[in-house]
Protein chains: 2
Amino acid sequence: MSTLSGPKGTRDFYPEDMAFQQFIFNSWKKTCTRYGFELYDAPMFEHLELYTQKSGAEIEKQLYTFEDKAQRKMALRPELTPSLARMVAHQGTNIRHPTRWYSIPRLFRYEKMQKGRLREFFQLNMDILGIADVDADAELIAAVIDMMRDLGLTSDDFKVRISSRTLLDELFNQSGLSKDQSKQLYALLDKKSKIDESQFFAELGQIIPEKETAENITACFSTESLADIEKIAGETASIATLKSLLSLLDAYNFSDYVMFDIGIVRGLAYYTGIVFEVFDIKKSFRAIAGGGRYDKLVGLYGGPPTPAVGFAAGDVVLGELLKEKGLLPPHPPRSSVYIVSLNDMQKSDVISVAQKLRNNNISCEFSLKASNIGKQLKNANAARASFTVFIGGDEAKSGNVRIKDMSSGNEIVVKEELLLPELKSKL
Amino acid sequence: MSTLSGPKGTRDFYPEDMAFQQFIFNSWKKTCTRYGFELYDAPMFEHLELYTQKSGAEIEKQLYTFEDKAQRKMALRPELTPSLARMVAHQGTNIRHPTRWYSIPRLFRYEKMQKGRLREFFQLNMDILGIADVDADAELIAAVIDMMRDLGLTSDDFKVRISSRTLLDELFNQSGLSKDQSKQLYALLDKKSKIDESQFFAELGQIIPEKETAENITACFSTESLADIEKIAGETASIATLKSLLSLLDAYNFSDYVMFDIGIVRGLAYYTGIVFEVFDIKKSFRAIAGGGRYDKLVGLYGGPPTPAVGFAAGDVVLGELLKEKGLLPPHPPRSSVYIVSLNDMQKSDVISVAQKLRNNNISCEFSLKASNIGKQLKNANAARASFTVFIGGDEAKSGNVRIKDMSSGNEIVVKEELLLPELKSKL
């Protein structure tokens, strides 16, 4: 082998890495479940066409593509939403909405590696389909907030920044911008966080040469609340929707977690209404999650018109934030119990104790080769066992076993037949 | 879109399919955990070389391969063991054995589709590394048996068929077969279950023209127990190991689940000792699981010599067997509670009740658009809710809510502040 590493941009998950990943995934599953979302999944690769139809031919540059042996063009999935829309379109009118689906897909993007970006990564996806009302947007944003809260993050750590694609359309229309100008402005807004303010306003001036219009748009982009923008634009339909959304989120008791931010655009062209992104409070990381309303996608794939709202949160940035905040838990025990066999014990006696514990859902291990007591205790430590049970020796003569609490070092001696209830009460 | 289906040989997992999959995966995780195995994972694709180095260049025909944008040849993983061996080799002497690892990888094989075979599938992999003693083989076979038992299968449903690669070597050596004859015999044995008996013995006669030798080998292949083969070959080293293994499995109380079967060869060349396969009792399906000892693989990838034993069980055949036996559970509730809002309630009141339940880990839903009571009840059924809680109406005037048990139809009325403890006690 020329290398013992996996492909560039991928990760090996040793048990300790996997424990961190599972801590995040289990928290995600818990939140999704209590919000009434059901798990689904789709193939790991799809016909390339599924992605180019949604995002244009240029998306192929960012994908891992291949031809199968029948010369069909395939791509490793870069996101799950196209598969979701395909699956929903495939069911046509058989599917009963509202649909509340979640998934934790493994995804692939062939892109330059940067902090917070890998070529193989995971996401949490949550989507509600079949509801056009803003109540679904509120429910989904509440779910993303509780996803963050369940991991131990608070409103001092992150904010959900909310805007609306249709609000921008309204503002650009009101200002008399052409379609081409609007398109350029969307692109400029989408890169706003990556350039400095002077460059932003210089480019804005190039797109909109009329001074008064440019000033008007600049004023809009400088607003910090929905009330500010309403003063400029009046109560447009989108502003009314945003106000309903914020009022619903207040009913969820989540006002502290959300803010209006006209700078949130979301690069993906398919959003049709509310859009949002979750950032750490200092915006020192990339977006942790992002999503919004996409009412046209199921229709694009030939399905019945289906309003939809969803978000995706990646594992990489979130993992970095949790590490920074010290919120990742210690590596849990591999086994709750390690059985140390004293010299006079038969293998069959050890196995019999182990199986009794395992049959009662207590994880346990014992040495798989003849080892002295010191070596067995080393193995117990390597297994990060909570308790060591010593069988055999003097205690066995009076029908007892010794239990050692590995964190405190305390030891107790109990009757053999009380080992199981004793361990059950301690674990 | 020309098609709304995913690629050939892949599956869409709608929530009901996913619930079956999760039933199997959760059972797998539970068994692995109580046996002290830790979860790990590796990239979904690897350098093609990782697979050709282990299995030869001809393996490429069965793989999904592609070139990345730097012209490196990659393959979607067809099995996880090469990645495991690479990861262990990569750590060199840093890794502390025994290592007890498990994973539930998604895998890809480009092969003709048949009953029980798909191009995209899942496996349970369990491996113990660092132990040369047969105790590790016994522990692993015990784990595969408990994996089957935890899913509800009994010794009337399946058997673990055990043999040894070195036993066959010994028998072929004793009979004076050449290396080439041995190799042909392995290939013949490996396809034994796919051809009829007369063809098997005809081909055997072609490989071994000497009548006496052929009869001797035939006698070996016709044995049905370890005692039978010992009568022919004496107690060879492999037979002694197999006897120890069966005696250990008896200590696990698993003698009913295992049998000696000299016909188990395992096509993969890398096995070096005990091999085994799990079959349904009638052998009406393909193998459910298979594995054995592979002491050379970590060394092959440049790591330190590392004895190892492992098995893999696929999700497809096992799922078919569980379906046939009626062991798949009904589709669980999407939400435990559906909140039905009577006409006089505000959205904010409904949300507030929902969040109180969710904050206490009770999954719940409510209507995300204005709906009459009949429509809300339909949604409660669609969510397969265990309980419906009616808020508002006459009961609310006296500070009460109504709870309906959706399976029995029984209703009770409780004080608003007792809703949470009441539901907690029922769920």
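This report describes the chain fold, the chain interface, the helix packing and selected backbone features of a predicted model.

**Confidence and overall form**

The model is predicted, with an ipTM of 0.95 and a pTM of 0.95. For chain A the mean pLDDT is 94, and 99% of the residues of that chain reach 70 or more. The secondary structure of chain A consists of 16 helices and 17 strands. The radius of gyration of chain A is 28 Å, whereas a compact globule of 427 residues would have a value near 22 Å. Along the principal axes, the C-alpha trace of chain A spans about 95 × 55 × 45 Å.

How many residues of chain A are in contact with chain B? The contact joins 70 residues of chain A to 70 residues of chain B. On the side of chain A that touches chain B, helix α13 (residues 347-359) of chain A gives the most, with 6 residues. By class, the residues of this side of chain A divide into 34 nonpolar, 16 polar and 20 charged.

Two packed helices are described by the angle between their axes and the distance between the axes.

| Helix pair | Axes come within | Crossing angle |
|---|---|---|
| α6 (residues 179-190) and α7 (residues 197-207) of chain B | 10 Å | roughly 170° |
| α1 (residues 15-34) and α12 (residues 315-324) of chain B | 11 Å | roughly 105° |

The axes of α6(B) and α7(B) cross at roughly 170°. An angle over 145 degrees counts as roughly antiparallel, and α6(B) and α7(B) are therefore roughly antiparallel to each other. On α6(B), the contact is made by Q181(B), Q184(B), L185(B) and L188(B), and on α7(B) by E203(B), L204(B) and I207(B). Classed by residue type, this contact of α6(B) with α7(B) has 4 nonpolar, 2 polar and 1 charged residues.

How are α1(B) and α12(B) oriented to each other? Their axes cross at roughly 105°. Angles of 65 to 115 degrees count as roughly perpendicular, and α1(B) and α12(B) are therefore roughly perpendicular to each other. From α1(B) the contact draws on F20(B), Q21(B) and I24(B), and from α12(B) on D315(B), L318(B) and G319(B). The contact of α1(B) with α12(B) has 3 nonpolar, 2 polar and 1 charged residues.

**Backbone features**

In chain A, the peptide bond from H97(A) to P98(A) is cis, with omega near 0°. P98(A) is placed in the loop between α3 (81-91) and β5 (99-103) of chain A. In chain B, the peptide bond from H97(B) to P98(B) is cis, with omega near 0°, and P98(B) is found in the loop between α3 (81-91) and β5 (99-103) of chain B.

Where in chain A does N361(A) lie? N361(A) belongs to the loop between α13 and β14 (364-366) of chain A. Although N361(A) is not a glycine, this residue has a positive phi of about 60°. Helix α13 of chain A, at one end of that loop, is also the helix that gives the most to the side of chain A touching chain B.

Terms used: Residues numbered from 1 in each chain as written. Chains lettered and ligands numbered in written order. Predicted model: local features only at pLDDT ≥ 70, side-chain atom pairs only at ≥ 80, totals over all residues. Contact = placed C-beta atoms within 7 Å. Helix = DSSP H or I, 4+ residues; strand = E, 2+ residues; numbered from the N terminus. Nonpolar A, V, L, I, M, F, W, Y, C, P; charged D, E, K, R; others polar. pLDDT = per-residue confidence, 0-100. Axes fitted to C-alpha atoms, helices over the stretch in contact; angles between N-to-C directions. Parallel < 35°, antiparallel > 145°, perpendicular 65-115°, else oblique. Rg over C-alpha atoms; globule rule 2.2 N^0.38 Å.
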